[in-house]
Amino acid sequence: TRERASVVLRIAPTFLRFGSFEIVKAKDAVTGRAGPSAGRVDVLHSLLDYTVTTFFPDIAAAYGGGAAEARNEAFLRAVVWRTARTVASWQCVGFCHGVLNTDN
């Protein structure tokens, strides 16, 4: 019997994902788990600097003068917008992911 199937392939320029930022996650009250660099604000700042500079050069340029808080807020807004647009596009063609977890 032949089975019908499809393959979904994700091609990305990096392995950076939402979950990458969980490296600095504080200890969870329920599970007791924490990120391997919990509380390391320096690691978070390095990851944000790399991510914004590499993948959001327009935001990096607009906030390059040391306005890190405003830059990070602009980065967050951009990520939320792009993610919402991506999920809406999926749903327009009938694809429902079910969860948008940290490896996306």
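**Entry 1. Aromatic pairs**

I count rings of Phe, Tyr and Trp (its six-membered ring) as a pair if their centres lie within 6.5 Å, with planes under 30 degrees apart called stacked, over 60 edge-to-face and the rest tilted. I note that the model is predicted, that local features need pLDDT of at least 70 and side-chain atom pairs pLDDT 80 or more, while totals for chains, interfaces and linings use all residues. Residues are numbered from 1 along each chain as its sequence is written, and side-chain values use heavy atoms, with hydrogens and water left out.

I searched the whole structure and found 3 aromatic pairs. In one of them, F21 and F75 have ring centres 6.3 Å apart and planes at 40°, so I record the pair as tilted. This pair links distant parts of the chain, as F21 is in the segment before α1 and F75 is in helix α3, 54 residues apart. I took helices from DSSP runs (H or I, at least four residues), numbered from the N terminus.

I then looked up F56 with F75: the centres are 5.1 Å apart and the planes at 85°, so this pair is edge-to-face. F56 lies in the loop between α1 and α2 (57-62) and F75 in helix α3, so the pair ties together parts that are 19 residues apart in sequence. F21, F56 and F75 form one aromatic cluster.

For accessibility I used relative accessible area: buried is under 20%, exposed over 50% and partly exposed in between (1.4 Å probe, protein chains only). F75 is buried at 10%, as is F56, whereas F21 is partly exposed at 23%.

**Entry 2. Nonpolar core**

I defined a nonpolar core as a set of buried Ala, Val, Leu, Ile, Met, Phe, Trp, Tyr and Cys residues joined through side-chain atoms within 4.5 Å. The largest such core has 8 residues: L48, V52, F56, I59, A74, F75, A78 and V79. Helices α1 (41-55) and α3 (68-92) each supply at least two of its residues, and α3 gives the largest share, 4 residues.

Which residues is V52 in contact with, leaving aside its neighbours within four places in sequence? With contact meaning heavy atoms within 4.5 Å, I list P57, I59, A60, R71 and F75.

**Entry 3. Helix α1**

The 15 residues should span 21 Å, and the end C-alpha atoms are 21 Å apart, which agrees. V43, L47, L48, T51 and V52 are buried in α1. Seen down the helix axis, the buried residues fall within an arc of 150° (taken from the directions from the axis to the C-beta atoms), so they line one face of α1. These buried residues pack against α2 and α3.

**Entry 4. Salt bridges**

I found 4 salt bridges in the structure, each a side-chain nitrogen of Lys or Arg within 4 Å of a carboxyl oxygen of Asp or Glu. Among them, R40 and D42 have their closest N and O atoms 2.6 Å apart; R40 is partly exposed at 40%, and D42 is partly exposed at 43%. K25 and D28 meet at 3.8 Å, N to O. E73 and R77 meet at 3.7 Å, N to O, and, being 4 residues apart in helix α3, they are separated by about one helical turn.

How values were computed. Expected span 1.5 Å × (residues − 1).
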